[in-house]
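The sequence and structure come next.

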Amino acid sequence: MLQIGDEAVYFSAVFLLVVLGTRSATGASLLTAFLYVFMAMFRFPPVPAEQAGRVLRPRAPSGGVPVVAHRGGRHDAPENTLAAIREASRNGATGVELDLSFTADGVAVLMHDETLDRTTNGSGPVSKLQFVQLRRLDAAVRHRLKDKFSGEKVPTLQEAVEECIRHQLTIFFDVRGEPDKAASVLHEMYRKFPALYNCSIVSSFEPKVIYKMRQTDPSVVTGLTHRPWRLSRFSDGTPRSLSTWGQMWTGVLDVLLDWAHHHILWKLCGVSAILVQKDFVSLDYVQYWAERGVEVVGWTVNTAVEKDYYQNLLRIGYITDSLLEDCDSAE
């Protein structure tokens with residue numbers, strides 16, 4: 001829950017900013033009151049802490065922290081495949097992060113990219129292919145261990161869910177768009193497999209996706225994914241815009257988005273977790289969210305040094321591309 005002191009500070013800050021911008025105390029008061037009523041009426045309460053704990057703090061081997069295989073462990077096996085799920089379980093993961101996508105005929109499948117080119121022997125947008133066409137592709141052909149996993153297929157969402165339940169893995173459903181369709185399909189999965197309420201979380205960079213999911217099914221554990229400066233810079237730090245004005249404008253948007261994540265959006269959506277790029281997580285940051293009843297999960301933690309930091313100092317769960325060795329990261 002948001003602390004009362006925090007709430008007073010946030011709405012006071014809004015009031016002062018509006019007063020400075022409009023020079024109207026009446027207008028500032030009305031706007032601040034409207035925002036307060038809006039938050040009170042339309043925010044979702046988080047799921048019970050016990051339920052969130054079962055999802056975000058499952059029993060880890062040897063009393064360690066939860067370790068989630070990114071896209072099933074994209075370094076150890078072809079990403080977003082049933083083989084990756086099985087390898088993650090074999091290698092000691094407590095959960096897997098899986099990406100939701102849709103074919104042209106509306107079948108929910110696992111795929112991170114909008115196109116097929118990077119991970120399969122197909123090409124073009126996933127959304128332009130019928131499922132029967134997608135099923136003919138080899139999802140291992142671009143992987144470094146393609147010989148070991150030759151012929152691996154792109155799985156449906158339901159196939160992946162069944163495989164995860166079979167291996168008792170927590171599922172991090174990552175949704176990157178189409179909030180209405182995603183919420184509907186995921187709700188159907190939760191209806192078919194009620195165990196998911198206690199062993200899965202729906203996360204997204206897009207708050208509208210999480211809000212729609214809570215609106216569709218308030219009992220689902222959810223989390224916001226966040227990387228500071230995401231709008232203005234790529235994951236390697238290079239600017240997205242070549243123009244000075246473009247960099248300045250997206251930088252301002254990044255500051256506003258970061259503030260909103262930490263002060264408004266988490267409360268509006270009633271999330272139980274925030275998934276944050278690994279370099280921005282510290283003990284103080286973990287404590288900040290712990291005081292608000294929100295769990296921090298770091299991504300993508302891929303070296304032994306980083307894993308030791310998360311396991312022994314931060315003592316929080318993390319997402320990794322490999323459970324076996326150091327490797328390069330991918331967003």
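Arg-135 is partly exposed, at 28% relative accessibility (buried means under 20% relative accessible area, exposed over 50%, partly exposed in between, with a 1.4 Å probe and protein chains only). The model is predicted: local features need pLDDT of at least 70, side-chain atom pairs count only at pLDDT 80 or more, and totals for chains, interfaces and linings use all residues. Residues are numbered from 1 along each chain as its sequence is written, and side-chain values use heavy atoms, leaving out hydrogens and water.

**Glu-159 and Arg-135**
- A salt bridge (a side-chain nitrogen of Lys or Arg within 4 Å of a carboxyl oxygen of Asp or Glu) joins the side chains of Glu-159 and Arg-135 at 2.5 Å, N to O.
- Glu-159 lies in helix 6 (residues 157-166) and Arg-135 in the loop between helix 5 and helix 6, so the pair ties together parts 24 residues apart in sequence. Helices (H or I, at least four residues) and strands (E, at least two) are DSSP runs, numbered from the N terminus.
- Glu-159 is partly exposed, at 25% relative accessibility.

**Glu-79 and Arg-118**
- Glu-79 and Arg-118 form a salt bridge through their side chains, at 2.8 Å, N to O.
- This pair links distant parts of the chain, 39 residues apart: Glu-79 is in the loop between strand 1 (67-70) and helix 4 (82-90), Arg-118 in the loop between strand 3 (108-110) and helix 5 (131-134).
- Glu-79 is buried, with a relative accessible area of 11%, whereas Arg-118 is partly exposed at 35%.

**Total**
- The structure holds 20 salt bridges.
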